[in-house]
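Here are a few exercises to work through with the structure open beside you. Try each task before you read its solution.

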Amino acid sequence: MKAAVTKNYGNPSQLMPVELPTPELSPTQVLVEVAATAVTMGDVRLRSADFPGFTALPGRLMMGISRPRNPVQGTTFAGRVIAVGAAVRQFAVGDRVFGGVDHGAYAECVVVDEQGAIAPIPDDIDFDEAVATPYGAITALYFLQETANVQPGEHVLIVGAAGGVGQYAIQVAKRLGATVTAVCATEHIEYVQSLGADHVVDYRTTDALTGGPYDVIFDIPGVTTFNQARPALSQRGRFLTLMATLRGIWQTLWTSLWGSKRAFVGVALNSQARMLQLATWLADGRIKPCVGSTFDFDQLADAHDAAARRTVTGTVVVRIAPFVPPTAPRKLRTQPRDRHHVAGVRVFGGSPDAVRRAL
């Protein structure tokens, strides 16, 4: 199968096309033919080893010290199931699915556990729309619904409202019944208004923190601190940030013990439960997919460059051509085997070591 590997940390030129063996299936996994993937700011940071603050060392230890431990990166996918393990019951060959993985989505096929962050795509949602939603929408759901517990009638300030997370944070906050003030650049005002923002602040001309009070301040790009935001918070206001700095963690702990205003910092981990909720919200229109620029798979480096420059509104989507097996198609076996077949193709391992041997 075709894949893109990141041989070393660095700029988008580090993304290199290769041919790799199709990943091996365990009995509880499904093999997905990837129709589309996305380039998120999380992907950009992983490719360049841009781990903020004190997370630089832990990030390198987890992801690889001198180069990525898992060279095939990419964390979101949308496509069709083309093979299932012997114990899989939730999914069948032909199902349209989308979701998130720790790595491996920059390829024609990706393996996902049946209980992992994977869900059916609603009937009226296409692959581009499906893959554009998990990163931003799951992060917004986690911070606004689960962490801040936004209630109807509350006032939410979203900083970085036109970005990959902000565009969904506006929609999630509105669906939770909040009044939303969005902070963005002049050229993005009409875009965030189209997503449902009640008020828009141009950060180049106005300091949004002079307004309020806000029940929730969601600072996505990490341009403010809890101390700066505190005067703009209501009596029981919550300050949310994605930037895991030592100060942010200390303030999260400190405010959990003293005072009525709270600070929260964390990481939104994907799960099947969250993906299923997202699928439901997409199906009934509570969240609108935000597709920005689209690129072909051989333009992956250009897609990374576009995402890194943050000049595109909407999610950067990369389309992947249909997977073509290297041998003639043949009926799939239905009996459990130690190794599975995909349209007559023997499925071999796709471990990081196997990837490096192929480079």
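**Exercise 1.** In which helix does I249 lie?

*Solution.* Please keep in mind that this is a predicted model. Find residues 246-257, which make up helix α8; I249 lies in this helix. Finally, check the exposure of I249: its relative accessible area is 30%. Buried means under 20% and exposed means over 50%, so I249 counts as partly exposed.

**Exercise 2.** Work out how the aromatic pairs of F143 are arranged.

*Solution.* Begin with the count, which comes to three aromatic pairs. One of them joins Y142 and F143, with 5.2 Å centre to centre and 90° between the planes. Planes over 60 degrees apart count as edge-to-face, and the Y142 and F143 pair is given that label. Now turn to F143 and F218: their centres are 5.4 Å apart and their planes 25° apart, a stacked pair. F143 belongs to helix α4 (residues 134-147) and F218 to strand β11 (residues 214-219), so this pair ties together parts 75 residues apart in sequence. Together, Y142, F143 and F218 form one aromatic cluster.

**Exercise 3.** Decide whether F143 and F218 are buried or exposed.

*Solution.* The relative accessible area of F143 is 1%, so F143 is buried. For F218 the value is 0%, so F218 is buried.

**Exercise 4.** Which residue lies over the face of F127?

*Solution.* Look above the ring of F127: R96 lies over its face, at 5.5 Å from the ring centre.

Key
Residues numbered from 1 in each chain as written. Predicted model: local features only at pLDDT ≥ 70, side-chain atom pairs only at ≥ 80, totals over all residues. Heavy atoms only, no water. Helix = DSSP H or I, 4+ residues; strand = E, 2+ residues; numbered from the N terminus. Buried < 20%, exposed > 50% of the residue type's maximum accessible area, 1.4 Å probe, protein only. Phe/Tyr/Trp six-rings, centres within 6.5 Å; stacked < 30°, edge-to-face > 60°. Lys NZ or Arg CZ within 6 Å of the ring centre and 35° of its normal.
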